[in-house]
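Open the model in your viewer and keep the selection tool ready.

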Amino acid sequence: MDTAISSCLRSLPRAAWTYVRREPGTYIWLAILLVTSVVMKNLPPDDLARVLGNRSTNLHHLAEDPVRVLISSAFWLAGGGWITYFISFNIFHVPAERWLGTLRWLCVVVIGHVGATYLSEGVLYWAIRHGHAPASAVDTLDIGVSYGLAGVIAVLTYRIAPPWRYLYVAAVLAFFAVPLFIDLNFTAIGHFTAALLGLGCYPLVRSRKGTWSPVEAVRRVRRMRAVS
């Protein structure tokens, strides 16, 4: 028994490395987010506000230095804690990157992040111009990974086998649409837009083979248990 346990423990690092290297983009991103999360916890409030403000994809920065803030804003968390995102990345980004490959997965992330940022900030700009939002909203804090995540969550629709696909996409659209009716703001608009953009990435994913069925997954687990 002790020998079996020792062998299992020795094999864990190798198994973990094998798992991680199949999705390098996701885990490099998570590693950077872990570092920035530690930095956020240790910065004084005033310094933290300045650091995040300099990386915000607000209207002011999008007009002056869009590339820098679009990249840098994706490496800081707006809230929820790193562990929360570690779990969500493993649920959504890991299977998406494994299925699509790193390059196509990254394209979906960028489309969701950039597209939703510009559309949501565009709506905010319209609101400011028409007196529905204060002029100070040009400096509204807008950072985080959630737009890219929303795009990936939506694109996984095409990975799921029918009829479960239709239930999944209905749940995704409902999840991102409900906030529009509860508290309409640029963030809610951004999340819903990112989900629509993810669904619009079908041309990027249509050549990828294989679908996932929850029923087949359950049957596979039962067969494994029966054999063991």
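How many aromatic pairs does the structure hold? This predicted model holds five aromatic pairs.

**Stop one: a tilted pair.** Select Tyr158 and Tyr202. A pair of aromatic rings is described by the distance of the centres and the angle of the planes. The rings of Tyr158 and Tyr202 lie 5.0 Å apart, centre to centre, with 55 degrees between their planes, and the pair counts as tilted. Now colour the chain to see where the two residues sit. Tyr158 belongs to the loop between helix H8 (146–155) and helix H9 (164–182), while Tyr202 is in helix H11 (residues 202–205). The pair links distant parts of the chain, 44 residues apart. Tyr202 has a relative accessible area of 39%, so this residue is partly exposed, between the limits of 20% and 50%.

**Stop two: a ring cluster.** Select Trp29, Phe89 and Trp105, which ring pairs link into a cluster. Two of these residues return at the next stop: Trp29 in H2 and Phe89 in H6.

**Stop three: two helices.** Select helix H2 (residues 24–42) and helix H6 (residues 82–100). Their axes are 9 Å apart, and the helices pack at an angle of about 165 degrees. Because this angle is over 145 degrees, H2 is roughly antiparallel to H6. The crossing of the two helices is right-handed.

Which residues meet here? On the H2 side they include Trp29, Leu30, Leu33 and Leu34, and on the H6 side Phe86, Phe89, His93 and Val94 are among them. The residues of this contact comprise 11 nonpolar, five polar and one charged.

How values were computed
Residues are numbered from 1 along each chain as its sequence is written. This is a predicted model: local features need pLDDT of at least 70, side-chain atom pairs count only at pLDDT 80 or more; totals for chains, interfaces and linings use all residues. Side-chain values use heavy atoms; hydrogens and water are left out. Rings of Phe, Tyr and Trp (its six-membered ring) pair if their centres lie within 6.5 Å; planes under 30 degrees apart count as stacked, over 60 as edge-to-face and the rest as tilted. Helices (H or I, at least four residues) and strands (E, at least two) are DSSP runs, numbered from the N terminus. Buried means under 20% relative accessible area, exposed over 50%, partly exposed in between (1.4 Å probe, protein chains only). Axes are lines fitted to C-alpha atoms, for helices over the stretch in contact, and angles run from 0 to 180 degrees between N-to-C directions. Angles under 35 degrees count as roughly parallel, over 145 as roughly antiparallel, 65 to 115 as roughly perpendicular and the rest as oblique. A crossing is left-handed if the near helix is turned anticlockwise from the far one by less than a right angle, and right-handed if clockwise. Contact means heavy atoms within 4.5 Å. Ala, Val, Leu, Ile, Met, Phe, Trp, Tyr, Cys and Pro count as nonpolar, Asp, Glu, Lys and Arg as charged, and the others, Gly among them, as polar.
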